Amino acid sequence: MLHSSCDVGPVRAVTATIMSSAQGCAARFRIEGKIKAIAVPPPAPPARRDGLWQTTCCEIFWQPLGGSAYREFNLSPSGAFAAYDFDSWREGMRDAPLDAITIACAQDAGALELEASIAATLECPAQVGLSAVIELADGRKQYWALAFPPGAPDFHAEAGRTLIIAR
């Protein structure tokens, strides 16, 4: 869903799927609409980078059930990524250990698809949130997620982690 504070723009829908695997997880995000009207980071060598959420970026929040700690993954259409561990809501941020992340991105005039395979230790069962920041060509941003708590868009809020994943 699009956050209520965001203007409707060229993006018609954002859909996402995620599956756990023995190595970690695999996710797919699809952004539908007028793709030329959004800022899409150009392809770059895959590397860990901070600040990816400042432009078009897909995100996964993974929290083991019953705990307050969670992991955040930022996945850029450029191929760049970030992974952070938190002890609780926005507290104790540090780089999360990873074995590997691969990102594939394809786009045409009507859709952008990002697929990510993440090799990392991910505890199950877990509550998971899927979200996306979409930067429009004019610099405005849209915030998409499975759910939002009241107030400003906050992907870190536990209220956004509405999927339960078990192996």
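Me: A strand here is a DSSP run of E at least two residues long, numbered from the N terminus. What order of elements does that give along this chain?

Reply: Bear in mind that this is a predicted model. From the N terminus on, the elements read β-β-β-β-β-β-β-β-β-β-β. The tally is 11 strands and zero helices.

Me: What makes the chain as compact as a globular protein of its length?

Reply: You set its radius of gyration against the globule rule. The chain comes out at 15 Å, and the rule gives 15 Å for 167 residues, so the chain is as compact as a globular protein of that length. The C-alpha trace spans about 40 × 35 × 25 Å along its principal axes.

Me: How much of the chain counts as buried, and how much area is exposed?

Reply: Of the 167 residues, 46% count as buried.

Me: How do you know what share of the contacts joins residues at least 24 apart?

Reply: Take the contacts between residues at least 6 apart in sequence, and 60% of them join residues at least 24 apart.

Me: Why is Val128 called buried?

Reply: The cut-off for buried is under 20% relative accessible area. Val128 has 0%, so it is buried. Val128 sits in strand E9, and it is among the residues with the most contacts inside the largest nonpolar core, along with Ile18, Phe29, Ile60, Trp62, Leu75 and Ile118. That core has 22 residues. Strands E2 (24-33), E3 (57-64), E4 (70-75), E5 (81-86), E8 (111-119) and E9 (126-135) each give two or more residues to it. Apart from that core lies another, of 12 residues, including Leu52, Ala80, Ala82 and Val133.

Me: What does Val128 touch, leaving out residues up to four places away in sequence?

Reply: Its contacts include Ile18, Ile60, Trp62, Leu146 and Thr162. Thr162 is 34 residues from Val128 along the chain, and their C-alpha atoms are 6.1 Å apart.

Me: Is His156 buried or exposed, and how do you know?

Reply: Buried it is: the relative accessible area of His156 is 9%, and the cut-off is under 20%. His156 is in the loop between strand E10 (141-145) and strand E11 (163-165). Beyond its neighbours within four places in sequence, His156 is in contact with Phe61, Tyr70, Glu72, Phe86, Trp89, Arg90 and Arg161.

Me: Why is Arg90 called partly exposed?

Reply: Partly exposed is what falls between under 20% (buried) and over 50% (exposed). Arg90 has 43%, so partly exposed it is. Arg90 lies in the loop between E5 and strand E6 (94-95).

Key: Residues are numbered from 1 along each chain as its sequence is written. This is a predicted model: local features need pLDDT of at least 70, side-chain atom pairs count only at pLDDT 80 or more; totals for chains, interfaces and linings use all residues. Side-chain values use heavy atoms; hydrogens and water are left out. Helices (H or I, at least four residues) and strands (E, at least two) are DSSP runs, numbered from the N terminus. The radius of gyration is taken over C-alpha atoms; the globule rule is 2.2 Å times the number of residues to the power 0.38. Buried means under 20% relative accessible area, exposed over 50%, partly exposed in between (1.4 Å probe, protein chains only). Contact means heavy atoms within 4.5 Å. A nonpolar core is a set of buried Ala, Val, Leu, Ile, Met, Phe, Trp, Tyr and Cys residues joined through side-chain atoms within 4.5 Å.
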